[in-house]
Structure formats: structure tokens, C-alpha cells
Amino acid sequence: MMSVHAGAPVERRLTGGILFLLAGLAALGALATNIILPAFPQIGAGLGVTSQELGLTLSSFFIAFAIGQLIVGPLSDRFGRQWLVLSGLAVFVIGSVVCAMAGTLSFLILGRVIQALGACAASVLSRAIARDLFEGEALARALALTMIAMAAAPGFSPLLGSALEGLFGWRITFLVVAGIGAVLALHYARRIGETHPTDRRVTLSAVAVAAAYGRLAADPRFILPALSVSLVIGGLFTFFAAAPALMMSELGLSGLELGLYFAATVGIVFTAGFLAPRLARRQGLRAVGLFGIALALAGGLSMFAVAAAPSISSFTAAIGLYLFGMGLINPLGTALALQPFGQQAGLASALLGFLQMGCAALGASLASILPMPPHVSLAFLLTTGSAIALLVFLPVVLSNALSAPKSTGH
């Protein structure tokens with residue numbers, strides 16, 4: 001049994017306290033991004049910039065988030081999770097306050113980068129902490145329940161952001177997320193503590209870290225499921241980045257309606273995350289993960305029909321299919337990628353997070369520069385990413401089938 005400060009044992013059951021922590025840490029980055037989406041027109045008016053220029057606040061966040069994880073992961077494997085979680089949350093709070101005080105786009109981008117550097121520590125360590133505490137089916141269940149809980153944050157945060165902006169102005173949204181970061185830090189310090197014991201920590205040097213990342217990137221047990229999950233998650237963030245222009249400008253939704261729409265999508269991800277471990281228990285993680293990617297691909301292909309005749313109902317059907325598939329592959333693919341690397345959970349989680357945010361940054365950037373109408377651009381990116389994810393994940397399924405023991409006829 002591991003021990004933390006004051007000799008308190010770390011819980012090995014998925015209690016409400018651990019679920020709150022894992023979900024909060026994992027969702028912090030998406031919360032900080034989605035809560036400001038309905039306020040883009042007001043932020044642009046306040047700073048004297050266009051909505052397209054405000055897209056830099058998303059891409060800069062994703063890039064800093066991706067790179068920062070590569071540093072946080074190995075540091076946590078060497079020195080433990082606790083001080084990095086608390087330091088990351090403190091940095092996030094500082095960045096949120098900088099955003100709230102921004103008077104220019106450059107200052108806002110600076111605050112977003114600081115936010116991202118703090119949020120990336122929270123995100124990467126949420127997966128590492130889950131891996132510290134659980135294994136096998138329990139790990140898949142912990143990740144699935146975490147995804148269910150964290151779906152409420154990016155789903156309901158635009159609605160919260162719209163309400164806050166309408167009552168108090170857009171700057172208050174950044175102060176609210178700063179408060180959430182402070183609450184998470186207090187909860188972690190008082191209830192969770194260190195989960196990575198000294199006897200499992202690894203040495204740290206630049207050469208050793210680079211070599212370890214290289215070995216992970218070349219290990220099919222990690223890179224195939226990790227890249228598959230990342231491509232599908234990248235499509236999700238591409239949708240988030242495209243939503244204000246696509247749904248407010250093209251489909252005519254107001255900021256409040258956009259918030260309500262995002263809130264309604266929570267049920268889709270909730271249902272998929274609830275079913276994922278149960279289906280996996282019967283059919284296996286790989287088979288259900290493959291099915292999830294196939295559903296996401298079907299959703300991307302359906303988006304082309306939306307582009308031909310845009311409507312809120314057809315768009316909802318297509319994106320709902322994509323989100324359900326994403327809700328299946330995300331926890332199961334993550335569990336497959338992290339399961340073999342318990343001693344280097346922080347490093348593996350960091351590389352997984354880098355891949356996810358790298359795909360998000362690439363998708364968000366391409367969505368804004370492709371010479372296509374918004375619906376066509378989104379359809380192309382969701383379909384392409386899901387198709388590549390399917391091809392990458394197939395060897396994971398086939399290798400398991402080939403290595404499965406033959407029936408003895410008993």
C-alpha cells in the first residue's frame with residue numbers, strides 16, 4: 001500500500017473523491033477552452049479583433065498544452081505526481097487571471113499559453129494517477145467513468161460561459177475557471193496526495209528521457225492505440241474550434257443556444273462512456289475500440305451530407321454518431337496504450353497527451369485555412385482522421401487475434 005503525507009493511505013477503490021479529482025484534472029483544459037466559445041463575438045468586439053483572429057487563442061493553447069506535457073510526464077515519473085499537480089494548478093490560476101485582465105489580443109494569447117502550461121500538467125497526471133491506482137479492467141473502468149464525468153465540463157461549460165458573459169461580461173469566465181483550478185488544488189492536497197511511490201520512480205536525464213520517448217514511439221503496444229485515440233480526439237477539438245463560426249454564423253444559433261447545444265451532447269458521450277467497459281467485458285477492449293472508430297468514421301462521412309444541405313437536425317445526427325464512437329474508443333484505447341507501461345505511466349501519458357493535443361492543434365488550424373466551406377472542411381477532417389485511426393488500430397485487433405490461445409475443445 002502506498003503512503004502519502006500524514007501517513008494516509010491512497011484509495012484503491014474508485015470513490016467519488018477520486019472520480020472528482022480525475023475528472024476535474026482531465027477536463028480542465030477543455031473547460032478553459034469551451035467556456036469562452038459563446039463569448040467570441042463579445043471578446044472580439046472588446047479587443048477590436050475578428051473571430052478568425054481569436055482562433056489564435058485556441059491554436060496557441062493547444063500547441064503549448066501539447067509541448068508542456070512532454071516535460072511534465074517524465075518529471076512526474078522521477079519526482080512524483082503531487083508537487084507537479086499543485087504547481088500546474090497554480091500556474092493555471094495565474095494564466096486565467098492574466099486572461100481576465102487582457103486588454104489586447106497579444107496579452108490574451110499570453111494568458112492562454114500560461115493557462116495551457118498549467119492545464120497540461122493536470123491533464124497528463126490525471127491519466128498517470130489512474131494508472132498508479134488501477135490495472136486492467138479496473139483501469140478501463142476508471143478511465144471510462146472519468147470520461148463520463150468530464151464530459152459534463154466541456155458539454156455544459158459553453159452554457160455556463162454564455163450565462164456568465166450575459167450577466168457579468170466575458171472576463172468573469174476566466175475568473176470562474178481560476179476558482180475551479182483552486183478548488184481542485186485544495187481537494188488534491190487534502191484528500192489524495194502522492195500516488196507514485198519512490199521505489200517506482202525512474203532516473204531523469206535529457207538523454208534518458210529522449211531515448212524513453214523514442215522507445216515508446218517505436219513500441220506498437222503504445223503507439224498504435226495512442227495514435228488511434230489521438231486522431232479521433234483531434235476531431236473532437238476540431239469540432240470545438242469550428243463550432244462558433246459554423247453554428248453561430250452558418251446555422252444561426254445564438255451564444256445561449258450554442259451553450260445549450262453543447263450541453264445536450266453530454267448525454268451522447270455519457271452513454272458511450274457508460275457502455276464502453278461493459279461492452280469491453282463481453283467483447284474485449286480491442287473489438288469495442290474498433291467499433292467505436294468505425295462509428296466515428298460513419299459520423300464523419302455523414303457530415304458530407306450535411307454540407308450538401310445544412311440543417312441543425314442533420315448536423316446533430318452526424319456529430320452525434322461521431323461523439324458516440326469517440327466515447328467508446330477514448331477510454332478503451334487509452335487503457336490499451338497505458339496498460340503495459342506502469343513504471344513509466346507519466347511518460348506514456350505525456351506522449352499520449354502530446355499526440356492528442358498535436359492532432360487537435362493540427363485539426364483546428366486546418367479547419368480555419370482549408371479553402372472549403374465550414375461544413376465541408378469539418379467533414380473532410382473528421383473523415384480523414386477517423387479513416388487513418390481505423391487503419392492504425394487494425395493491427396492492434398489483428399495482433400490480439402493472432403496471439404489468442406487456440407481452443408482446446410474442453
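This is a predicted model: local features need pLDDT of at least 70, side-chain atom pairs count only at pLDDT 80 or more; totals for chains, interfaces and linings use all residues.
Phe61 and Phe65 sit 4 residues apart in helix H3, residues 51-79, so about one helical turn separates them.

Phe61 and Phe65 form an aromatic pair, with 5.7 Å centre to centre and 35 degrees between the planes, which makes the pair tilted. Both Phe61 and Phe65 are buried. They also belong to one aromatic cluster, made up of Phe61, Phe62, Phe65 and Phe237.

How many aromatic pairs does a search of the whole structure find? The count is 5. Another pair is Trp170 with Phe174, and this one is edge-to-face: the centres are 6.2 Å apart, with 85 degrees between the planes. Trp170 is buried, and Phe174 is buried as well.

Next, a charge over a ring. Arg278 lies over the face of Phe274, 3.9 Å from the ring centre.

Last, the helices. Helix H11, residues 285-308, packs with helix H12, residues 312-338. Their axes are 7 Å apart and the angle is about 155 degrees. Angles over 145 degrees count as roughly antiparallel, and H11 and H12 are therefore roughly antiparallel to each other. Is their crossing left-handed or right-handed? For H11 and H12 it is left-handed. Sorted by class, the residues in the contact of H11 with H12 are 21 nonpolar, 7 polar and 1 charged.

Notes
Residues are numbered from 1 along each chain as its sequence is written. Side-chain values use heavy atoms; hydrogens and water are left out. Rings of Phe, Tyr and Trp (its six-membered ring) pair if their centres lie within 6.5 Å; planes under 30 degrees apart count as stacked, over 60 as edge-to-face and the rest as tilted. Helices (H or I, at least four residues) and strands (E, at least two) are DSSP runs, numbered from the N terminus. Buried means under 20% relative accessible area, exposed over 50%, partly exposed in between (1.4 Å probe, protein chains only). A charge sits over a ring if NZ of Lys or CZ of Arg is within 6 Å of the ring centre and within 35 degrees of the ring normal. Axes are lines fitted to C-alpha atoms, for helices over the stretch in contact, and angles run from 0 to 180 degrees between N-to-C directions. Angles under 35 degrees count as roughly parallel, over 145 as roughly antiparallel, 65 to 115 as roughly perpendicular and the rest as oblique. A crossing is left-handed if the near helix is turned anticlockwise from the far one by less than a right angle, and right-handed if clockwise. Ala, Val, Leu, Ile, Met, Phe, Trp, Tyr, Cys and Pro count as nonpolar, Asp, Glu, Lys and Arg as charged, and the others, Gly among them, as polar.
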